[in-house]
Amino acid sequence: MNFVFRGNEILLRDSDLSLPDARWCAWAGVPVDAFHPLWLTDGCEDFCAHVGPEVEAPPGFSFHRLRAVLAQLGEQGAAVSRAFQVSEWVRTHRYCGVCAAPMLKSNTELCFHCPSCGFSAYPRVSPAMMVLIKRGDQLLLARHSAYAQARYTALAGFVEAGENIEEAIHREVLEEVGLRVRDIRYFGSQSWPFPHSLMIAFTAEYDGGELRIQEDELDDVRWFGPGDVLPPIPAPESVAGRLIRANLSPDLLLQL
Ligand SMILES: [Zn+2]
């Protein structure tokens, strides 16, 4: 399969969102040496490439916004996530970050080596946490101000250098909504390739504090429980959607 990215877009056939084969890639003018194998196994048949803004889609294909179509790609979504991250890593590691010499790609691992100073660069993965705070049969859901028509979802934020993930949860919860939490429990995780996050989701119990909103990040935060009207929540394909659905009270679940 060929994964061709242009900025934050992926080349897909319009009729069924399938990936282009080599013939269509050649039609679009994507050079063969732009493709990088997605896996290190012998006979790898999955390749990814990042193309410039001047590249046009061949007939019947379009460049689709990756963020918009990722959930529709089903089982192929994981391979698309990897392909986007590998192609971004290739695009941004042509030169050594230490001595600026051209980098060489390893044949035995997903790694660029600098032949001049020995520096190595691997694809970066940035852990982020998501936490759904529970108080009895109520859940705390927030709407982010960065996105117009955003859904209500769990709190989330990046793990900072030097932190463990529990510390990141306590810090983000206190910063964003002014609360303390306890009984942090792992729920699940999801690769989030924008550009290279791993979203790790948890539940936690409310442990005190008065609700207050960090207004530059959130525009509404509320407890939702029995008797409330359920607001729009993330799709079930996302870890956020699964996390919230797994913890909704029965009457809110019926509103989906
Ligand atoms: Zn170097």
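Predicted model: local features only at pLDDT ≥ 70, side-chain atom pairs only at ≥ 80, totals over all residues.
Ala28 sits in the loop that runs between H1 and strand S3 (36-37).

Apart from neighbours within four places in sequence, the contacts of Ala28 are Val55, Glu56, Ala57 and Pro58. Phe61 lies 33 residues from Ala28 along the chain, and the C-alpha atoms of these two residues are 9.9 Å apart.

Leu17 is not a glycine, yet its phi is positive, at about 55°. This residue belongs to the loop between strand S2 (9-13) and helix H1 (22-27). Leu17 has 15 other C-beta atoms within 10 Å and is therefore partly exposed.

Asp183, also not a glycine, has a positive phi of about 50°. Asp183 is located in strand S13. Its 11 C-beta neighbours inside 10 Å make Asp183 exposed, because the class takes residues with 12 or fewer.

## Strands S9, S13 and S14

Strand S14 pairs with S13 in the antiparallel sense, over ten bridges. The two strands form a hairpin, with four residues between them. Strand S14 also pairs with strand S9 (residues 126-135), here in parallel and through nine bridges.

Strands of a sheet pair through backbone hydrogen bonds, and the pairing may be parallel or antiparallel.

The loop between strand S13 (180-192) and strand S14 (197-208) holds Pro195. The peptide bond between Phe194 and Pro195 is cis, with omega about 0°.

## The sheet S6-S7-S8

Three strands make up an open sheet in the order S6-S7-S8, with antiparallel pairing. Strand S6 (104-105) and strand S8 (120-121) are the edge strands; each has a single partner strand, so one side of each has no neighbour in the sheet.

Strand S7 (residues 112-113) is joined to S8 by two bridges, and the two run antiparallel. In this pairing, His113 stands opposite Ser120 in S8.

## Domains and the contact between domains 1 and 3

The domain assignment divides the chain into domain 1 (2-92), domain 2 (93-124) and domain 3 (126-253). Taken over C-alpha atoms, the centres of domain 1 and domain 3 are 32 Å apart. Seven residues of domain 1 and eight residues of domain 3 take part in the contact between them.

On the side of domain 1 that touches domain 3, helix H3 (residues 77-92) supplies the largest share, with five residues. By class, this side of domain 1 has three nonpolar, two polar and two charged residues.

Definitions and conventions
Residues numbered from 1 in each chain as written. Pairing = 2+ DSSP bridges. Buried ≥ 20, exposed ≤ 12 C-beta atoms within 10 Å, placed from the backbone. Domains from an automatic or database assignment. Contact = placed C-beta atoms within 7 Å. Nonpolar A, V, L, I, M, F, W, Y, C, P; charged D, E, K, R; others polar.
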